[in-house]
Amino acid sequence: MATIKRIGILTSGGDCAGLNAVIRAAVHRAIEGYGWRVFGIREGTMGLMRRPVDYEELSLNIFTGNILRMGGTILGTTNKGDPFAFPMPDGSKQDRSADIIEGYHQLALDALVLISTGPLSTDSMVAGIKSELKHCPHCKTRLINVPNIDWATRIPPNVQSAFLS
């Protein structure tokens with residue numbers, strides 16, 4: 001019997017319409033299509049840096065039709081606190097990227113889905129996480145950019161294809 005995959009999902013870059021739809025689509029595809037377990041990481045990268053890791057297991061029963069009409073993200077998000085230059089209480093900045101990798105391992109994830117509302121090519125936080133995870137031979141990522149548009153009625157084909165690949 002195949003090992004059940006464990007994936008984490010987090011949102012980064014701030015709220016916009018459609019984040020819940022992307023989360024819902026990813027959860028449905030992962031659970032129904034592949035039988036994977038899905039863990040929603042709260043407040044973006046902050047959730048991975050907290051101890052204990054701030055997460056919840058996502059299941060199909062929390063995704064009713066109402067979630068598509070809700071604004072923002074059920075997981076919460078952040079666009080502050082770059083983990084590569086994280087502001088500390090004393091005013092200094094500290095690289096906390098190792099905390100993100102540790103959080104990934106504490107959840108025993110096989111993959112991490114990063115949903116960003118900013119352009120991924122210029123979002124240094126998301127790009128940095130992807131770069132850091134490349135040094136982790138067992139870590140996999142999938143980056144999905146959600147443009148700041150109203151797409152309550154449909155998911156753009158490029159986002160659909162990301163889930164189907």
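The following dialogue asks how some terms apply to this predicted model.

Student: Why is S97 counted as buried?

Tutor: S97 has a relative accessibility of 5%, and buried means under 20%, so S97 counts as buried. S97 belongs to helix α3, residues 97-106.

Student: What makes the link between the side chains of S97 and D95 a polar contact?

Tutor: The distance is 2.7 Å, and the cut-off for a pair of N or O atoms is 3.5 Å. The pair is therefore within the limit.

Student: Why is T73 called buried?

Tutor: The relative accessible area of T73 is 12%. T73 sits in the loop between β3 (55-58) and β4 (86-87).

Student: Which residues does T73 touch, leaving out those up to four places away in sequence?

Tutor: They are T11, D15, L19, N20 and I23. The C-alpha atoms of T73 and V22 are 9.5 Å apart, although 51 residues separate the two along the chain.

Student: How do you know that the length of α1 agrees with that of a helix of 16 residues?

Tutor: At 1.5 Å a residue, the 16 residues of α1 should span 22 Å. The C-alpha atoms at the ends of α1 are 22 Å apart, which agrees. Just after α1, G35 has a positive phi of about 75 degrees.

Student: Which residues of α1 are buried?

Tutor: L19, N20, A21, V22, I23, A25, A26, V27 and A30 are the buried residues of α1.

Student: What makes up the largest nonpolar core?

Tutor: That core has 17 residues, and I9, I23, V27, V38, L58 and I115 have the most contacts inside it. At least two residues come from each of β1 (6-12), α1 (19-34) and β6 (111-116). The most come from α1, which gives six residues. Another core, of 13 residues, lies apart from this one, with L10, L48, M49 and L109 among its residues.

Student: What does L58 touch, not counting residues up to four places away in sequence?

Tutor: L58 touches I23, V27, I31, V38, F39, G40, F63 and L75.

Student: How many aromatic pairs does a search of the whole structure find?

Tutor: The search finds two aromatic pairs.

Student: Why is the pair of Y34 and W36 called stacked?

Tutor: The ring centres of Y34 and W36 are 4.7 Å apart, and the planes stand at 20 degrees. Centres must lie within 6.5 Å, and planes under 30 degrees apart count as stacked. Both values pass, so the pair is stacked.

Student: What makes the pair of F39 and Y55 edge-to-face?

Tutor: The centres of F39 and Y55 are 5.9 Å apart, with 65 degrees between the planes. Planes over 60 degrees apart count as edge-to-face, so the pair of F39 and Y55 is given that name. F39 is in strand β2 (residues 37-41) and Y55 in strand β3, 16 residues apart. F39 is buried at 3% relative accessibility, whereas Y55 is partly exposed at 37%.

Student: How do you know that R96 is close enough to count as lying over the face of F86?

Tutor: R96 is 4.9 Å from the ring centre of F86, and the distance limit is 6 Å. R96 is recorded as lying over the face of that ring.

Student: Why is F84 called partly exposed?

Tutor: F84 has a relative accessible area of 26%, between 20% and 50%, so F84 is partly exposed. Its place is in the loop between β3 and β4. F84 and A98 are 14 residues apart in sequence and 9.2 Å apart from C-alpha to C-alpha.

Note on methods: Residues are numbered from 1 along each chain as its sequence is written. This is a predicted model: local features need pLDDT of at least 70, side-chain atom pairs count only at pLDDT 80 or more; totals for chains, interfaces and linings use all residues. Side-chain values use heavy atoms; hydrogens and water are left out. Helices (H or I, at least four residues) and strands (E, at least two) are DSSP runs, numbered from the N terminus. Buried means under 20% relative accessible area, exposed over 50%, partly exposed in between (1.4 Å probe, protein chains only). A polar contact is a pair of N or O atoms within 3.5 Å; within protein, one must be able to donate a hydrogen and the other to accept it, and residues adjacent in sequence count only if both atoms are side-chain atoms. A nonpolar core is a set of buried Ala, Val, Leu, Ile, Met, Phe, Trp, Tyr and Cys residues joined through side-chain atoms within 4.5 Å. Contact means heavy atoms within 4.5 Å. The expected span of a helix is 1.5 Å times one less than its number of residues. Rings of Phe, Tyr and Trp (its six-membered ring) pair if their centres lie within 6.5 Å; planes under 30 degrees apart count as stacked, over 60 as edge-to-face and the rest as tilted. A charge sits over a ring if NZ of Lys or CZ of Arg is within 6 Å of the ring centre and within 35 degrees of the ring normal.
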